[in-house]
Amino acid sequence: MNVGEREPSPLRRDARRNRELLTAAARNVFADQGLDAPLDEIARRAGVGNATLYRHFPNRAALIEAVFHALLTETSVACETARESEDAWAGLAAYLDLVLAGLAADRGANDLMTTGVQGIPSLEALHVQNRETIHVLVGRAQQQGAMRDDITAEDLLFALAALGRAVPALTATAPDAWRRYLALLLDGLRAEVAGPLPATPLTPEELGAVLSDLGPHRARQNPSTD
């Protein structure tokens, strides 16, 4: 401690510790049960009362943002790294691998990234950044001759959302199987294997409507013994 600095009061230390306990408990509960998990369960695991939880986090969105702040920051940095890659295909593949690894590891993170969670400004900014990154990388990969030219960013965003939503159930049975399906997805985008695609691609508005209808994952229930 520097000269002239006051040691935090016991009350302030307790408040900071309670906040840390709540975010740690929420991280574990969200990972197991998804973002719809009961807040009183989080308070119980943290060893505090519901009033303490709401004193630190007035609503669910505030708690979610605190829990996933680091993930949102890391994903934002990954977006920029991918866009700076000279080889657009390599940048895209590495970015998708990182994103899906995160979706596979944590049910709460999966809900956060693949459903229409509202009220979290940093998440909304990341969604915009993610869409822009995919648009840039698709365009550059096509210009470089690596990606088939009839693919749109919306095609890839939809495919990524569909695969991402399936990842938690897939991971519970075969933890690394998502890598196989990401490889299949990427192979389908390659220019050298392109065949005609049926139907027309989604517009940005249509994609937004589809993604907004996705709800959080539900915790897996044990079979009834009745």
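This is a predicted model: local features need pLDDT of at least 70, side-chain atom pairs count only at pLDDT 80 or more; totals for chains, interfaces and linings use all residues.

Reader: How many helices and strands does the protein chain have?

Author: Helices (H or I, at least four residues) and strands (E, at least two) are DSSP runs, numbered from the N terminus. Here the protein chain contains eleven helices and zero strands.

Reader: What share of the residues is buried?

Author: Buried means under 20% relative accessible area, exposed over 50%, and partly exposed in between, with a 1.4 Å probe and protein chains only. Of the 226 residues in the protein chain, 37% are buried.

Reader: How is the span of helix α9 to be read?

Author: The expected span is 1.5 Å times one less than the number of residues. Helix α9 covers residues 153–173, and its 21 residues reach 30 Å from first C-alpha to last, close to the 30 Å expected.

Reader: Where in α9 does a kink lie?

Author: The bend at a residue is the angle between axes fitted to the seven residues ending there and the seven starting there. In α9 a kink of about 45° lies at Val167, shortly before the proline Pro168. Both Val167 and Pro168 are buried, and the buried residues of α9 also include Leu160, Leu163 and Arg165.

Reader: How many salt bridges does the count give?

Author: A salt bridge is a side-chain nitrogen of Lys or Arg within 4 Å of a carboxyl oxygen of Asp or Glu. By this rule there are eight salt bridges. One of them joins Asp32 and Arg45, whose closest N and O atoms are 4.0 Å apart. Asp32 lies in helix α1 (residues 10–33) and Arg45 in helix α2 (residues 39–46), so the pair ties together parts that are 13 residues apart in sequence.

Reader: Which other residue forms a salt bridge with Arg45?

Author: Arg45 also pairs with Glu41, the closest N and O atoms being 2.8 Å apart. These two residues both lie in helix α2, four residues apart, about one turn of the helix. Glu41 counts as buried at 18% relative accessibility, whereas Arg45 is partly exposed at 40%. Asp32, Glu41, Arg44 and Arg45 are linked in a network of salt bridges.

Definitions and conventions:
Residues are numbered from 1 along each chain as its sequence is written. Side-chain values use heavy atoms; hydrogens and water are left out.
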